[in-house]
Amino acid sequence: MSEPVLSVRDLRVWYGTARGPVRAVDGVSFDLMPGETLGLVGESGCGKSTLGRGLMGLLPDGAAIDGEVRYEDRDLLTLSPKRQRDIRGPDIAMIFQEPMTRLDPLMRIEDHFSETLKTHEPDLSAKEIRKRSLEALGGMGIPPTRFRQYPHEFSGGMRQRIMIALALVLRPRVVIADEPTTALDVLVEAQILRILADLRRNFDTALLLITHNLGIVAEACDRVAVMYAGKIVEEGRSRDVFREPDHPYTQALLGSIISLSTTGLRYIPGAPPDLSEPPPGCRFHPRCVDAMAVCASQEPIEERPAPGRRVSCWLYGPTYEIPEGGTEPLERQEIAVADEA
Amino acid sequence: MPTRPETETAPLLDVRDLTTYFSLRGSFGSRLIGHEAGSVKAVDGVSFQLRHGEVLGLVGESGSGKTTLGRTILGLADATSGSIRLDGVEIAGLSESAFRPYRRRMQIVFQDPHASLNPAMDLLTAVGHPLVIHGLVTSPEALRAAVGDALTRVGLTPVDRFFGKFPSDLSGGQKQRAVLARAIILGPELLVADEPVSMLDMSVRAKILELMLRLKVELDLTYLYITHDLATAKFFCDRIAIMYLGRIVEIGPTASIFADPKHPYTVSLLKAIPDPDPDRTVPRDLPRGEVPDAVNPPLGCSFHPRCPRAFASCGWEGRDLTDLLERRWTAMAEEEFEQERSVVGDLASMEVASTTASVPAAKGHNGEDVLDLLKRIRQEDPEEPLWTGVRDMTAQGDGVLVAFAEPEEPMLRAVDDVEVACNLFDAVR
Amino acid sequence: MKRSGSLRSYVITRVLLAFPMLLILLTVVFLLMRVAPGDPITAALGGRVSAEELARRRHDAGYDRPLPIQYLEYLRGVATLNLGTTILDNRPMTQVIAQNGAATLELSFFAMIVAMVSGVGIGLIAGRYRDTAADLGGRLFGIVLYAAPVFFLGFLAQLTFGKWLDWLPTSGQTSPIVGATLATHTNLLVIDTIIDRNWTAFQDVVRHLIMPSVVLGLVIGGVFIRLVRVNLLQTMKGDYVEAARARGVKEGRVVYKHAFKNALVPVITIMGLEFAVLLSGAVLTEETFNWPGIGSELVRYLDNRDYIAVQGIIVVTGIVVVIVSLAIDILNAWVDPRIRY
Amino acid sequence: MTSQLETPPVPSSVDEDADLSPMQQRRLGALRRMWAPMHDAKGMPKVIVWVGIGITLAFVLMAIFATQIAPYAFDQYQTADGVRFVKQQAPSAQHLFGTNVMSTDVLSRVIFGSRTAIEVVLLSLFVSMAIGLPLGLISGYHGGKLDRTLVLFMDAMLAFPSLLFAIVIAFLLSKTFGHGVVTAALAISIVYVPQYFRVVRNHVISIREESYVEAARALGARPWTIMRRYVLQNVIQNVPIIATLNAADAILTLAALGFLGYGIQPTEAAEWGYDIQRAISDAGAGIWWTGLFPGLAIVLLVTGLTLVGEGLNDVLNPVIRKRPIQEVELPPREGTAPVQDEVAAP
């Protein structure tokens, strides 16, 4: 088994607000292996985008981060801002959600590439820069005839390809893609997903794909981590998780998706918790159909029901940690529409 | 749970050859020098019928004209030509004031619940405003009662708690419920729902769709459901119309379309939806490119530049040749590309939407050079569908004149129990 | 897929667009000057000459003809740059423009340089280091500068640097002796003295120029501070700025190449409008420092009810305004490729 | 197209005032919505607004009670017994700010000047808003030829040096209205009409594209109702910002008019700009008090108004508004969360 290229341990990202800290990411651990695609799914507000930005060192002012982000024997969180910056791009690159606004409107595509390459490889000649840029663009299907055009001359799908080319031109080992296709049409989305799926094959690049779309995860990811209210509640090979979800939240989430095979409507009652005052115990317990007495008082302990699989839910034990009477079903309160998301 | 319409009665809504063009307001200057600003053909000849109690899905990507079609039916955009009949009465081309009575019978729900409520109005005022506008309430008590009733129907209870709320106090799902309450308070027959759930979170979508289905039964509503999402359309609609660049390319019962999609565009769409089925992988054979510009749509069938099954009469033209060259160059090494690029002149000057195209030679090259290049490209990949549509290539002094086959505009034709607009089914007929 | 329009075709359309704007201005001026006070001759000479004499002079000047004819005559005069002769001192308007206009041009030009350097510089620092002492200081400086009437600043400067410190002259464009001996080639005294290599006179001219141009420049600069700061804050939040950071681009480059350049686009537009403020300020500065510019001439002629002169000066100002706004738009199109169509 | 922006979750305020009755809640709602950002504002923006409000209020009080506060009348050049004040006298116990070239008391003229300034500003704000607001509303909402014509016209006006316009108009109006407050106010109003027009129109155009305006049309609302209930209600929120900023600017224009001699004549009322003009020639003689005090009054009042406007803008304008940053300190871990060295791998 090879070493993980990126390994995150107990990462916390909290935002300060007037009403107290918001625990956007609250104790998240995972590993990313070379060349694999890990899907990070969750509903909006679960902290998945914050997590991605936290890994990149791109958090807004007033956010606190701790834990460990290990990349090549270095803890990224302890590096100086300058060293962090050197890693952004050639080692860890990011692709964003809205391609339309991610390119500087006053700069030609060519200038975006030369700026990026010159920043990290100052010795490149102009000719090499052009060659590398055209290669990267060509790989994304952008014709060389359009190299000197401005961003506004491209459609949304093409801009996202340019953004990907811009990320790949430095040949990073890790790419973090934050909802890369959400703003795009179905056919274009499929094109972009195909490009991302080809990444691992052609470049041995590890991809962290952050999305709310379970369909994308099922098709494009090797493994999946499900996030709820700032925590990863379940992780495993995507095939396994989709076939047999362990965590009640994963089950409910999969059940609520409307897909081509949907025959009835199901949904999760209630709304995700306010992350400045998360519920005690398991954060999902107020909405969980399987909630037990212990869930309301004690945070679940991570268990591994199968190799390569982990889940944080009291249903999977460990039984010796559950206090007397803890397995009694929890008396549930009525959840009104008034509290829905 | 699609519900089949019971009998063949007169349609509630009958749309015939509807077009909606938006003329581009060219700048003062461009009109001064005589530039034609042109128009966006947002809806370009659409016909369909909607029966009482039916749910028709209008499915398409952005730019397909589905939203404009919905807005035109509701008189929010002006129809350029064609007819819209509501219960047999023509409503296309009516003035704003003449249209007003019909607004009680047709309502709309917009995509973005955050933007569809006036941020400066509380729910009591906002939901009750339609009644005030049409002069249907006389007292504040009656207004409260009616609004309370509507809010109860959409599940915003206890209503007293919601009367004084402003949109900024509500969650996305709650806002969409409020919008639905406002839409049903006038007792409409037809509800146009423009992507009502696409801005909502996964776990909320099902709730809103369920609510809409319940309202349909309780209030005997007919829906025109506009969406880009085939999955919800499959679940929600009785019939589906697939739109591409202002036209319906395929229309028919939901089950038939999903079981046996006819139009190549429908086939690709179905293939492209990401599905949480762990055994699916990313599809490979997808149409290239993106939805073209609706100001200058492609000749013949609008989908032909992206169509994997296109052939001679689909409407090949100069722009397709440009695309072909650019695709070829994209895949080439830089030196090869530079070498070929130096032969051909400015491609942007090529004719748009014409069956002939002159490919200019670059400075220092003549038509023969360009012709040689084109011939070589054709030889290397004779399977490329474009070449089926090329009738003739002749070298002229400083370029090559390429003649394409006459295009054929696909019309909607009945194939099995659906209607398809595709030249492939021309032969079948 | 839009292809970018050429700058040239943009310039052509924009030049054509300038004509209606000019026509509107000219018409407003005509209506104000002609309809409201009656005809200029009566206004200037009414009661001072006999009725016959007045009628004769009105007829000579064509003011007894119908208004539409007068309007056309007026437009023809403007088109042929024949703006008449002043009633008060019988100077051809062209001479007024050439001599006094040059003095205003000289003042405005150097004031603009002061405004750019102080305004853009401080604005940049305030926006870049938001909510720091530098930001607070810069903003307050900007607000106080904006709040101080230019003539009040002039008064304080005269008191301090003229009277108490006795560093600089407080009035006029030259010392009387220098002024009498100066040859005028361009009417721009700084240039004229350089042409003649008359360094004593040059020094004298520059010493006279410093106080008025710095005072006027600072006042205009106050507006720029606010403008640059706000726009920089907006662009610093831009998606492309975050994307550039995610590629590891150095912070300095992110700020200056991406944020600042984009912030300049709206700033340039508003600078066009600020030109009008600059002209207003120039009138006041000229009055304060006895500067023989076109503004103080305007006031003098207005005092004497010389409508021909007033109308001429306003028409020329209008033409200059239209030309400047044209230049600003073209500059904007040059910077921002999205504007060309 | 879905777009699910993920922002740090903001706690909803649904139950904030649950103890109020629904009707009370409703009535308070509108006010609360207007003032919530002001109330939530922290740090610099808040300080700025309140300092500005303080300064402005001081001047308003000074204007209202000018007669009571000022030691002399604004045009009084002699004592009650007919003893003429000494001309250009340095500050003394008798004349705290000294006297000027007209032998009037500088302090009194400064105090009465605030009355003039506030009268002119209020009147001109009213007039320019009364013209600019509806024009902008109609032009922006209806669009078309009317809009294009008005925009071209207003832009031309806006590009022209406003002071020159004001001078000419003040000059022309003085024949009818004399050299008092009304003339100055009207001249200034005309300068600001294009500004209101422009701001209101641009805002209307952005609001016109909102779904809720289209929804109102779909409901059958008449254009007038839409303009009033859906557009104006949302445009109006920005008016205080423009109004305060324009008020500041109007004071400067008034002073400039006075400075050039086309504003209010000294016999009509006290006006700071005019006083500074008379003081310019004093500078050479080292007489500082005649110009300094009226000048400071202008600077202070304009700064006060600008601070209010800027602060409001910071607080209300979402584009540059920044959620107040609170530093977070991560509490030490609670030991229960297991830190594992090896997590699941494929």
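In the predicted model, the elements of chain C follow the order α-α-α-α-α-α-α-α-α-α-α-α-α-α from the N terminus. Along the principal axes, the C-alpha atoms of chain C occupy a box of roughly 85 × 60 × 40 Å. Of the 341 residues in chain C, 45% are buried. Among contacts in chain C with a separation of 6 or more, 73% are between residues 24 or more positions apart.

Chain C is assigned domain 1 (2-79) and domain 2 (98-307 + 314-333). A distance of 30 Å separates the C-alpha centres of domain 1 of chain C and domain 2 of chain C. Their contact involves 17 residues from domain 1 of chain C and 12 residues from domain 2 of chain C. On the domain 1 side, the elements giving two or more residues are α1 (7-35) and α2 (40-45) of chain C. The most is given by α1(C), with 12 residues. The composition of this side of domain 1 of chain C is 16 nonpolar, no polar and 1 charged residues.

The largest nonpolar core contains 412 residues, and Ile167(D) and Ile251(D) have the most contacts inside it. Beyond its neighbours within four places in sequence, Ile167(D) contacts Leu302(C), Leu257(D), Leu260(D) and Tyr262(D). A second, separate core has 5 residues, including Val178(C), Ala201(C), Val205(C) and Leu209(C). In soluble globular proteins, nonpolar side chains tend to be buried together.

Ile167(D) is also one of the buried residues of helix α6 (residues 162-177) of chain D. The buried residues of this helix include the run Ser162(D), Leu163(D), Leu164(D), Phe165(D) and Ala166(D). Val168(D), Ile169(D), Ala170(D), Phe171(D) and Leu173(D) of α6(D) are buried as well. Just after α6(D), Gly178(D) adopts a positive phi of about 75 degrees.

Between chains B and A, 48 residues of chain B are in contact with 50 residues of chain A. On the chain B side, at least two residues each come from α7 (172-184), α8 (202-219), α9 (230-236), α11 (264-272), α12 (318-330) and α13 (334-341) of chain B. The largest share of that side, 8 residues, is supplied by α8(B). By class, the side of chain B that touches chain A comprises 20 nonpolar, 13 polar and 15 charged residues.

Chain A contains an open sheet of 8 strands with mixed pairing, in the order β6-β7-β8-β3-β9-β10-β12-β11. The edge strands, each of which pairs on one side only, are β6 (92-95) and β11 (302-303) of chain A. Strands β7 (residues 174-178) and β8 (residues 206-211) of chain A run parallel and are joined by 5 bridges. Val175(A) is placed opposite Leu207(A) in β8(A).

Helices of chain A also contact this part of the chain. Helix α5 (residues 156-168) of chain A lies across β6 and β7 of chain A, at about 175 degrees to β6(A). Helix α6 (residues 186-203) of chain A packs on the sheet and touches β3 (37-41), β7 and β8 of chain A. The direction of α6(A) makes about 155 degrees with that of β8(A).

Terms used
Residues are numbered from 1 along each chain as its sequence is written. Chains are lettered from A and ligands numbered from 1 in the order in which they are written. This is a predicted model: local features need pLDDT of at least 70, side-chain atom pairs count only at pLDDT 80 or more; totals for chains, interfaces and linings use all residues. Helices (H or I, at least four residues) and strands (E, at least two) are DSSP runs, numbered from the N terminus. A residue is buried if 20 or more other C-beta atoms lie within 10 Å of its own, exposed if 12 or fewer, and partly exposed in between; C-beta atoms are placed from the backbone. Two residues are in contact if their C-beta atoms, placed from the backbone, lie within 7 Å. Domain bounds come from an automatic or database domain assignment. Ala, Val, Leu, Ile, Met, Phe, Trp, Tyr, Cys and Pro count as nonpolar, Asp, Glu, Lys and Arg as charged, and the others, Gly among them, as polar. A nonpolar core is a set of buried Ala, Val, Leu, Ile, Met, Phe, Trp, Tyr and Cys residues joined through C-beta atoms within 7 Å. Two strands pair if DSSP finds at least two bridges between them. Axes are lines fitted to C-alpha atoms, for helices over the stretch in contact, and angles run from 0 to 180 degrees between N-to-C directions.
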